[in-house]
Amino acid sequence: KEKAEITKEQQAFMKVIVDSYNRHQIPQDVTKKLLQEQYSAEENFILLTEMATSQVQVLVEFTKNIPGFLSLDHEDQIALLKGSAVEAMFLRSAQVLSTKMPNGHTEVLEERIRNSGISEEFMTPMFNFYKSIGKLHMVQEEQALLTAVTILTPDRPFVKDHPAVERLQEPMLEVLRKLCALHHPREPQYFARLLGRLTELRTLNHYHTEMLTSWRMNDQKFTPLLCEIWDVQ
Ligand SMILES: N#Cc1ccccc1NC(=O)[C@H](C1CCCCC1)n1c(-c2ccc(Cl)cc2)nc2cc(F)c(F)cc21
């Protein structure tokens, strides 16, 4: 019995994460802009760097609210942020695309992204991921916790104190497991499928530098923050 129930302290813990996730939302202006008109590859790239830059700032604020994160070794805090920023961006983008929109909007949005300037070869892996996230119909709490679980991945490059990160990730995974059972009672494998998406997310990590440098335009410009976070320039 007690295995399934979300305890009082887990509820409080989850509230901190979900409130912070909701508070640190980028206004959905990216979808409004993309739905308004088809931009050139140059304009889309600038929009991407703007969105990605504010996404990193939002990610830092969200991460600071994860209970225990600020008591980690400072260099490990940086390593976790650097290691998860791209995945958090694709996870956020997938969640934006899987948001319920008026009829036809999702198709237009997809079309605009397909023609945004990204090289053809990356479309399939990217949209496969977006589709697989969409099919999960995650509730907001699951989205927030999945993002937190992604950030607190112990085996990121340069993380020194793995056990300390695992100790933070474990309670997160426990609450997420209970949430999945609660919101998807008829899908006992839902939690496992959710975590499987994190593996797919890592493969996108692998593509992202090429996605940016092969954007259909010459000499892409990056903000200093993105040069830090993305392995570019
Ligand atoms: N960055 C970022 C970010 C942060 C918060 C919310 C959405 C974000 N995504 C974005 O802005 C980009 C836009 C930027 C303009 C040109 C077309 C893509 N994006 C990406 C996409 C991110 C990266 C890389 Cl290499 C390729 C694609 N997949 C999207 C899916 C969506 F449904 C969506 F609306 C936007 C999406």
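## Thr150 and its surroundings

Leaving aside residues within four places in sequence, Thr150 is in contact with Ser84, Glu87, Leu91, Arg156, Leu198 and Leu201. The model is a predicted one, and in it Thr150 belongs to helix H7, which covers residues 140–151.

Is Thr150 buried or exposed? Its relative accessibility is 2%, and because buried means under 20% relative accessible area, Thr150 counts as buried. The side chain of Thr150 also has a polar atom that lies 2.7 Å from the backbone oxygen of Leu146.

## The largest nonpolar core

The largest nonpolar core is made up of 74 residues, and the residues with the most contacts inside it are Ile66, Phe90, Met126, Phe129, Met172 and Trp230. Helix H4, which runs over residues 74–97, supplies the largest share of this core, namely eleven residues.

Met126, one of the residues with the most contacts inside the core, touches Phe90, Ile113, Ile118, Leu204 and Met211 when residues up to four places away in sequence are not counted.

## Cysteines and disulfides

A disulfide is a covalent bond that joins the sulfur atoms of two cysteines. How many disulfides does the structure hold? The number is zero.

Methods. Residues are numbered from 1 along each chain as its sequence is written. This is a predicted model: local features need pLDDT of at least 70, side-chain atom pairs count only at pLDDT 80 or more; totals for chains, interfaces and linings use all residues. Side-chain values use heavy atoms; hydrogens and water are left out. Helices (H or I, at least four residues) and strands (E, at least two) are DSSP runs, numbered from the N terminus. Buried means under 20% relative accessible area, exposed over 50%, partly exposed in between (1.4 Å probe, protein chains only). A polar contact is a pair of N or O atoms within 3.5 Å; within protein, one must be able to donate a hydrogen and the other to accept it, and residues adjacent in sequence count only if both atoms are side-chain atoms. Contact means heavy atoms within 4.5 Å. A nonpolar core is a set of buried Ala, Val, Leu, Ile, Met, Phe, Trp, Tyr and Cys residues joined through side-chain atoms within 4.5 Å. A disulfide is a pair of cysteine sulfur atoms within 2.5 Å.
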